[in-house]
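Morning, everyone. I have one model to walk through today. Have a look at it first.

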Amino acid sequence: MTALAGPPSPLNDRLQPGVRLRVVQMADAEALAALCEANRDHLRPWEPERDDAYFTVEGQRDNLHALVEAYAVGEMWPGVILVDGDIAGRITLNNVLRGPLQSCFVGYWVARAHTGRGVATEALRQVLDVAFTDLGLHRVEAFTRVDNHASQRVLERNGFTAVGTARRHIHVDGRWHDERLFERLAPWDDGIALAPPFSNPSG
Ligand SMILES: CC(C)(COP(=O)(O)OP(=O)(O)OC[C@H]1O[C@@H](n2cnc3c(N)ncnc32)[C@H](O)[C@@H]1OP(=O)(O)O)[C@@H](O)C(=O)NCCC(=O)NCCS
């Protein structure tokens, strides 16, 4: 992964050296099924409603198959968050749009046992490097439920700013919820360039 040019990250005070990201693999199905099942209650308020099959190895294989295909055509960067080599969560750049937008959305979760230690903050920092450097994107957006203060902290610590509130934006945990939209522009944005000077985005 290419390092972004510019001043040192303001997050250096809490770097998590054990946190690494990589693209999902079909071989992750067993570990992800176990992690999703163990974190079902932890994720239910924030994640889309899932049927029981999602929490099985076969269900995770189906999901991973779709993610790997979307990655292959450049629509998505589906990652796992590793802590000391073990899968501790997921982070995804999705809805990659090219042409005049050059944008995507980011979504993430961290297993309950790993929360509160800066894992999501560091994972988001690393995936922004993928978005702005490797993929050459210009803008990353994120929606969070208005009451998801931990997620909003993770975004703010990574330089995201709030755009506004989308009313009844997502149906999770049995009802519609308002969500806040956050945005972060690429560090290379100068108001003019379509792509970063140091890469050659595809598409
Ligand atoms: C949100 C989530 C990703 C955070 O993961 P994490 O690894 O614990 O995050 P970090 O430790 O990097 O940072 C959490 C921040 O939120 C803060 N925080 C935690 N709980 C909070 C709360 N209830 N209210 C306000 N802030 C809170 C922490 O203090 C920390 O901020 P700080 O760095 O200023 O101290 C994790 O809790 C999770 O997966 N939740 C369920 C799924 C989810 O919400 N995904 C995001 C959907 S948009």
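Let me start with a question: is asparagine 95 buried, exposed or partly exposed? Asparagine 95 is partly exposed, because 15 other C-beta atoms lie within 10 Å. The cut-offs: buried takes 20 or more other C-beta atoms within 10 Å of the residue's own, exposed takes 12 or fewer, partly exposed is in between, and C-beta atoms are placed from the backbone.

Two notes on the source. This is a predicted model, where local features need pLDDT of at least 70, side-chain atom pairs count only at pLDDT 80 or more, and totals for chains, interfaces and linings use all residues. Residues are numbered from 1 along each chain as its sequence is written.

Back to asparagine 95. It sits in strand 3, residues 86–97. Most residues other than glycine have a negative phi. Glutamine 102 also has a positive phi, near 50 degrees. Glutamine 102 lies in the loop between strand 3 and strand 4. It counts as buried because 21 other C-beta atoms lie within 10 Å.

Now the overall picture. The chain has 5 helices and 7 strands. Helices here are DSSP runs of H or I with at least four residues, strands are runs of E with at least two, and both are numbered from the N terminus. The order from the N terminus is β-α-α-α-β-β-β-α-β-α-β-β. Of the 203 residues, 33% are buried. Among contacts with a separation of 6 or more, 63% join residues 24 or more positions apart. Contact means C-beta atoms, placed from the backbone, within 7 Å.

Valine 24 gives an example. It is in the loop between strand 1 (19–23) and helix 1 (29–38). Valine 24 counts as buried because it has 22 C-beta neighbours inside 10 Å. Leaving out residues up to four places away in sequence, its contacts include Leu64, Leu67 and Val80. Valine 80 is 56 residues away along the chain, yet the two C-alpha atoms are 5.7 Å apart.

Next, helix packing. The axes of helix 1 and helix 3 (residues 57–72) come within 8 Å and cross at roughly 115 degrees. Those axes are lines fitted to C-alpha atoms over the stretch in contact, with angles from 0 to 180 degrees between N-to-C directions. Helix 1 brings Ala29, Glu30, Leu32 and Ala33; helix 3 brings Val57, Gln60, Arg61 and Leu64. That splits into 5 nonpolar, 1 polar and 2 charged.

What about strand 6, residues 161–172? Pairing requires at least two DSSP bridges between the strands. Threonine 161 stands opposite glutamate 183 of strand 7. The hairpin has 2 residues between the strands, and aspartate 173 takes a positive phi there, near 55 degrees.

Last, the ligand. Which residues come nearest? Of the 21 around it, they are Thr115, Ala120, Thr121, His149 and Arg153. Near means a C-beta atom, placed from the backbone, within 6 Å. Helix 5 gives the largest share of the shell, 6 residues. By class, the shell has 9 nonpolar, 9 polar and 3 charged residues. Nonpolar covers Ala, Val, Leu, Ile, Met, Phe, Trp, Tyr, Cys and Pro; charged covers Asp, Glu, Lys and Arg; the others, Gly among them, are polar.

Key: Two residues are in contact if their C-beta atoms, placed from the backbone, lie within 7 Å.
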